[in-house]
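Good morning, colleagues. Please bring up the sequence and the coordinates, and I shall take you through the fold, its helix packing and a few individual residues.

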Amino acid sequence: MPDNRKPTSILISGGSSGIGAALARAYASEGVSLALRGRVAARLAQSAQACRDLGADVRTACLDVRERDAMRDWVHEVDDAAPLDLAIANAGVSGGTGGEGESDEQRRHILDVNVDGVINTLAPSIGRMRVRRRGQVAVMSSLAAFRGFPGAPAYCASKACVRVWAEGMRGDLAADGVGVSVICPGYVRSRMTEGNAFPMPFLMDAEKAAQIVRRGLARNRARISFPWPLVCGVWILNALPPGWTDRLLARMPRKV
């Protein structure tokens, strides 16, 4: 089982905005080392400064999570400076079809970032943690991982892939003292959702989502899914035969 001590060395990809930035602030305090990776330097710097103001020691990197070698080198550099207790693969992208369907370029970009990017973030972390026989990794999936929605097929597929990967790893890594959790949120206020021109049931602030995630990780929960009314709805959709739900889902609004 993973070490139950409060994590003091934490890596978060996608730590410049949304849930990632909220998680960074939730963990930031005196004696905590944070490693934040983001795409946009200005947003990353702002997130890092907010964490420093809370007392954390913060290092940042503007890296593309699709760059396997660069991510491996950065993770190892961070781990050399402060052996990682927790690594959260949070970076991800979405994209709308606008009713026109996904382009080949769009679907490949989503899958590259949301699948390869997660692996590139966690594989180097896992290797080091297994040697130490302690640590924890977390994958940011989504409730969209449980049913393919017509408005975002590649996004749903990418989140399903990393969810199943994480759940499979949990059994493999438990014997090595490394915990694995998969995070499946519903709608959370972020740059990813701010452009959605349709109702988002049970929309949650990033700060509240981060606290739910933090509590779940502290308990080494296998799956951290929320909010519960939306979780129940998705479970029902997933349990019903596609022939019963296809017509309903076809009427759902598309992300622009």
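Predicted model: local features only at pLDDT ≥ 70, side-chain atom pairs only at ≥ 80, totals over all residues.

Let me begin with the contacts across the chain. Of those in the protein chain that join residues at least 6 apart in sequence, 70% link residues at least 24 apart.

The protein chain contains eight helices and seven strands. Its C-alpha trace extends over about 55 × 40 × 35 Å along the principal axes. How does the radius of gyration of the protein chain stand against that of a compact globule? For 256 residues a compact globule would have a value near 18 Å, and the protein chain, at 18 Å, agrees with this. As for burial, 51% of the 256 residues in the protein chain are buried.

I turn now to the helix pairs, starting with helix H4, residues 104-132, and helix H5, residues 153-174. Their axes come within 8 Å and cross at roughly 15 degrees. An angle under 35 degrees counts as roughly parallel, so H4 is roughly parallel to H5. The crossing of these two helices, H4 and H5, is right-handed. On the H4 side the contact includes Arg107, Ile110, Leu111, Val118 and Leu122, and on the H5 side the residues include Tyr155, Cys161, Val162, Trp165 and Met169. Sorted by class, the contact of H4 with H5 comprises 14 nonpolar, two polar and four charged residues.

H4 also packs against H3. The axes of H3 and H4 come within 8 Å, crossing at roughly 40 degrees, and H3 passes H4 in a right-handed crossing. From H3 the contact draws on Arg68, Met71, Arg72, Val75, His76, Asp79 and Asp80, and from H4 on Asn120, Thr121, Pro124, Ser125, Arg128 and Arg132. Here the classes are three nonpolar, four polar and six charged residues.

The next pair is helix H1, residues 18-27, with helix H6, residues 206-218. Their axes come within 8 Å and cross at roughly 60 degrees. H1 and H6 are therefore oblique to each other, and their crossing is right-handed. Gly18, Ile19, Ala22, Leu23, Arg25, Ala26 and Tyr27 in H1 are in contact with a set in H6 that includes Ala206, Glu207, Ala210, Val213 and Leu217. Nine nonpolar, two polar and three charged residues form the contact of H1 with H6.

Aspartate 85 sits in the loop between helix H3 (68-81) and strand S4 (86-89). Beyond its neighbours within four places in sequence, aspartate 85 is in contact with Pro7, Thr8, Ser9, Met129, Arg134, Gly135 and Gln136.

Setting aside neighbours within four places in sequence, aspartate 57 is in contact with Val32, Ser33 and Leu34. Aspartate 57 and alanine 41 are 16 residues apart in sequence, and their C-alpha atoms are 18 Å apart in space.

I close with backbone geometry. Most residues other than glycine have a negative phi, and most peptide bonds are trans. Which residues does a cis peptide bond join? The bond lies between phenylalanine 226 and proline 227, and omega is about -10 degrees. Proline 227 is placed in the loop between strand S7 (223-226) and helix H7 (228-239).

Arginine 133 is not a glycine, yet has a positive phi of about 60 degrees. Arginine 133 lies in the loop between H4 and strand S5 (135-140), and its relative accessibility of 49% makes arginine 133 partly exposed. Asparagine 220, also a residue other than glycine, has a positive phi near 55 degrees. The loop between H6 and S7 holds asparagine 220, which counts as buried at 8% relative accessibility.

Terms used:
Residues numbered from 1 in each chain as written. Heavy atoms only, no water. Axes fitted to C-alpha atoms, helices over the stretch in contact; angles between N-to-C directions. Helix = DSSP H or I, 4+ residues; strand = E, 2+ residues; numbered from the N terminus. Parallel < 35°, antiparallel > 145°, perpendicular 65-115°, else oblique. Left-handed = near helix turned anticlockwise from the far one by under 90°. Contact = heavy atoms within 4.5 Å. Nonpolar A, V, L, I, M, F, W, Y, C, P; charged D, E, K, R; others polar. Rg over C-alpha atoms; globule rule 2.2 N^0.38 Å. Buried < 20%, exposed > 50% of the residue type's maximum accessible area, 1.4 Å probe, protein only.
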